[in-house]
Amino acid sequence: MPHYEYKKALVTGGAGFIGSHIVERLISAGMDVTVIDDLSVGRIENMPKGARFYRASILDPSVVSKALEGVDVVFHNAARVSIRNSFEDAVKDTETNVLGTVSLLKECARAGIKKFIFASSMAVYGSGAALPLVEDASLSPESPYGTGKLAGESYLRQISGHCGFDGVVLRYFNTYGPRQTFTPYVGLITIFITRLLQGKPPVIFGQGTQVRDFVHVKDVAEANLQAMLKANHGAVINVGTGVGTSVAEIAALLLNKLAPDIDPLFAPIPPGEPMDSVADVSAMDRILGFVSTRRLSEMLGEVIEEKKTLMAIDSAESRLADRHLGRAN
């Protein structure tokens, strides 16, 4: 068991991309971990061995109440995570990201937890603040998703302060790495790799001059662990690398690795798409004693290999299904 005061954790969204890596890191540190995930995006295959699992929505208080029994610390990562899609599904986005967070906070207050670590986003900043983005910059989100995350931060600050448990906000920047589910909306690197492996060109919005701070998912998981150990109530901390890479640079890197003969496509910038976002990581260094050590150019290979493996499995399963259907017919 760990030597620190936290023994048992609840991770919401713990079968998802980031959540499953947090679960893995907590288990490796000796924590007793419970997961709530409705598997709308997460995959049961992502779940590390040793975690207790509830397939449920965070809006179900009866399940949340059971999952919180004996829990010291909550890592809240369950969310609808899409800036562009949040315009189309603003009601569902608000229901999960705002009402879900408030419902969870109320149950945490009843359960008497000690600390709540909230997965927020660089989307709370908008495009007007100077780079690198510092935590006390003006906040002007430009999408329902960013607005919902900012509301979650406010509810955490108010409810945790009123109910007497520690609240910590981690603002994730552009996270990449293994286990990221492919969707047309989220995860630039995963989207580009998937399209290239399918023989399709990457689609770049604008001219690709937008700069992003790409942080590896294992560094995000480590930041969560260190936030549990070291961050005090009220802390707001960017989780990034402090290094900016343009969308066009990412496309060029991946085209060079996977399809040098393919040219990218260019499309208009959609509403709410952030322009430049690079984290000031001095608070992460100062408060957590941690800085990202994984470099994008060195880590792309593992993401490519994972996607190749998954696509090969999907293709084999599809061929097998086709053969069975052929026999049945």
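In this predicted model, the buried residues of helix α5 are Y145, G146, G148, K149, G152, E153, L156, I159 and S160. These residues lie on the same side of α5, because they cover an arc of only 165° around the axis. The opposite face, turned away from the buried side, carries the exposed residues R157 and H162.

**Helix α5 and its surroundings**
- Helix α5 comprises 20 residues (144-163), which at 1.5 Å a residue should span 28 Å; the end C-alpha atoms are 28 Å apart, in agreement with this value.
- The elements covering its buried residues include α3 (85-88), α4 (90-111), β5 (115-121) and β6 (166-172).
- After α5 comes G164, which has a positive phi near 85°.

**The sheet**
- An open sheet is formed by seven strands in the order β3-β2-β1-β4-β5-β6-β11, with parallel pairing.
- β3 (52-54) and β11 (236-239) are the edge strands, each pairing on one side only.
- From one strand to the next, the twist averages 20°.
- The parallel strands β6 and β11 are joined by four bridges; R171 has N238 in β11 as its bridge partner.

**Helices on the sheet**
- Helix α1 (residues 17-28) packs on the sheet and touches β1 (8-12), β2 (32-36), β4 (73-76) and β6, its direction making about 170° with that of β1.
- Helix α7 lies across β4, β5, β6 and β11, and runs at about 160° to β6.

**Nonpolar cores**
- The largest nonpolar core has 46 residues, of which L26, F75 and M228 touch the most other members.
- Helix α7 (residues 217-230) gives the most to this core, contributing seven residues.
- A second, separate core of 20 residues includes L10, C108, L156 and V169.

Technical notes:
Residues numbered from 1 in each chain as written. Predicted model: local features only at pLDDT ≥ 70, side-chain atom pairs only at ≥ 80, totals over all residues. Heavy atoms only, no water. Core = buried A, V, L, I, M, F, W, Y, C linked by side-chain atoms within 4.5 Å. Buried < 20%, exposed > 50% of the residue type's maximum accessible area, 1.4 Å probe, protein only. Helix = DSSP H or I, 4+ residues; strand = E, 2+ residues; numbered from the N terminus. Expected span 1.5 Å × (residues − 1). Arc of directions from axis to C-beta. Contact = heavy atoms within 4.5 Å. Pairing = 2+ DSSP bridges. Axes fitted to C-alpha atoms, helices over the stretch in contact; angles between N-to-C directions.
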